[in-house]
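Please keep the sequence and the coordinates at hand while reading.

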Amino acid sequence: MTVGSSTVGCSMAGSIGGGRYTPRRGRTGRLSDRSTDVGSGPSVGGDAPRVLCIGGTGQNGATLLTRMLGRVPGFVAVGELGYLWDKGLVENVECGCGVPFRECSFWERVGAEGFGGWDGVDPQEVLTLRETLSLRGRRLPGWLSLPLVLEPGLWPQYRRSAQRYAEFMARLYRGISRVSGEAIILDSMKRPYHVYAVVGIRALDLSVVHLVRDARGVAFSATKVVRRQGAIEGELRLRRSPFRSGIRWMWVNAAFEALPKTGVPVTRVRYESLVRNPREEIARIVRSTRERVGDSELGFIHDEGVDLPPDHLVAGNRMRLLAGLQPLRREDEWRAGLSSRHQRTVSLVTWPLLRRYAYVGPGGAPGSGDRS
Ligand SMILES: [Zn+2]
């Protein structure tokens, strides 16, 4: 019996971001056309860009998964693309390859292909759109965005912002697709508003991995103080209380539970399964994109860890900057690190989905989360 891991998909017509699309299978047998008319950039011709988005909460191992998949021939790992505009264009943080974003030749070519050069992009416009979609611009709690993410038409400005945001992403995907030789683009921008916005892009061959991790592990990681991406000395990322982590975990995962209704193929993967059975899980994800993978392509996975070369991840956690053999940890230090009271609080808040994913309850040993 498979618990907490599934591949679901359907080919119904749907409406996201105010547009309608009807997936159609081309001669390669893959979804190759959608009729939502976004993307005002130049046409690249040829096949639609292929994109694999990773969705989920923070602290769920998305950067590790992205880099592992990036080792498979035919895939290109680029990180949290929704942050390219500020982390890359404005803050000029270090690319995964080790040089500042503006000096990375990969990204320079992407800018030229997608936008005629980065000077043709106003990063502030995209940042304003992102603030609207996340509701941060209005200082509202993130969970309030859930109904809007699912039904953007509830607020016309929200729908227009999602469409405009999708236009930027469409041009970015086209640029990456061209520069990478039409590889499958691994976008680890996990946020629901981002994934739902790109679902509406016309002529995009999109699939999604819904990456889940035990809510108590996520909550424990979120209590740690770490340096912000690209931050100057002493600037720390905000910590989140276990209760708030639990609330966030619930609504974010609920958003991705509803994603298959849009017609996009969604594969659910548990982080705990990924680190314990990396070969099986990577192969399953690759197959979900209608690609094949053999043992030789998975040679980077060793008993001691995974061998990762430098990538061009533009944003993501600090793991994006590490190269060489990286150990796969079970990441269950939350059992000892998170107090019993906080474990109970998180379990109570997240119970329905914690049980659905077999982290608790009769479906599995408490907290095991690896019964795939
Ligand atoms: Zn680079």
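Within helix α11 (residues 278-288), the buried residues are Pro 278, Glu 281, Ile 282, Ile 285 and Val 286. These residues span an arc of only 135 degrees around the axis, and therefore lie on the same side of α11. The arc is taken from the directions that lead from the helix axis to the C-beta atoms. A residue is called buried if 20 or more other C-beta atoms lie within 10 Å of its own, exposed if 12 or fewer do, and partly exposed in between, with C-beta atoms placed from the backbone. Helices (H or I, at least four residues) and strands (E, at least two) are DSSP runs numbered from the N terminus.

This is a predicted model, in which local features need pLDDT of at least 70 and side-chain atom pairs count only at pLDDT 80 or more, while totals for chains, interfaces and linings use all residues. Residues are numbered from 1 along each chain as its sequence is written.

The cover over the buried residues of α11 includes the helices α1 (62-70) and α10 (271-276), together with the strands β9 (205-212), β10 (266-270), β11 (301-302) and β12 (305-308). Contact here requires that the C-beta atoms of two residues, placed from the backbone, lie within 7 Å. Just after α11, Arg 290 adopts a positive phi of about 70 degrees.

**Two helix pairs**

Helix α4 (residues 123-134) packs against helix α6 (residues 156-179) at an angle of about 135 degrees, and their axes are 9 Å apart. The angle makes α4 oblique to α6. Angles under 35 degrees count as roughly parallel, over 145 as roughly antiparallel, 65 to 115 as roughly perpendicular, and the rest as oblique. Axes are lines fitted to C-alpha atoms, for helices over the stretch in contact, and angles run from 0 to 180 degrees between N-to-C directions. From α4, Val 126, Leu 129, Arg 130, Thr 132 and Leu 133 meet Gln 157, Tyr 158, Ser 161, Ala 162, Arg 164, Tyr 165 and Phe 168 of α6. The residues of this contact divide into seven nonpolar, three polar and two charged; Ala, Val, Leu, Ile, Met, Phe, Trp, Tyr, Cys and Pro count as nonpolar, Asp, Glu, Lys and Arg as charged, and the others, Gly among them, as polar.

Helix α8 (residues 215-223) and helix α13 (residues 340-356) also pack at an angle of about 135 degrees, with axes 9 Å apart. This angle makes α8 oblique to α13. Ala 215, Arg 216 and Ala 219 in α8 meet His 342, Gln 343, Val 346, Ser 347, Thr 350 and Leu 354 in α13. By class, the contact comprises four nonpolar, four polar and one charged residues.

Helix α13 also holds Pro 352, which is exposed because 11 other C-beta atoms lie within 10 Å. The C-alpha atoms of Pro 352 and Met 250 are separated by 8.7 Å, although these residues are 102 residues apart along the chain.

**Loops and the whole chain**

Leu 135, in the loop between α4 and α5 (146-150), has a positive phi of about 70 degrees although it is not a glycine. Leu 135 counts as partly exposed because it has 18 C-beta neighbours inside 10 Å.

Overall, the protein has 13 helices and 13 strands, and 49% of its 372 residues count as buried.
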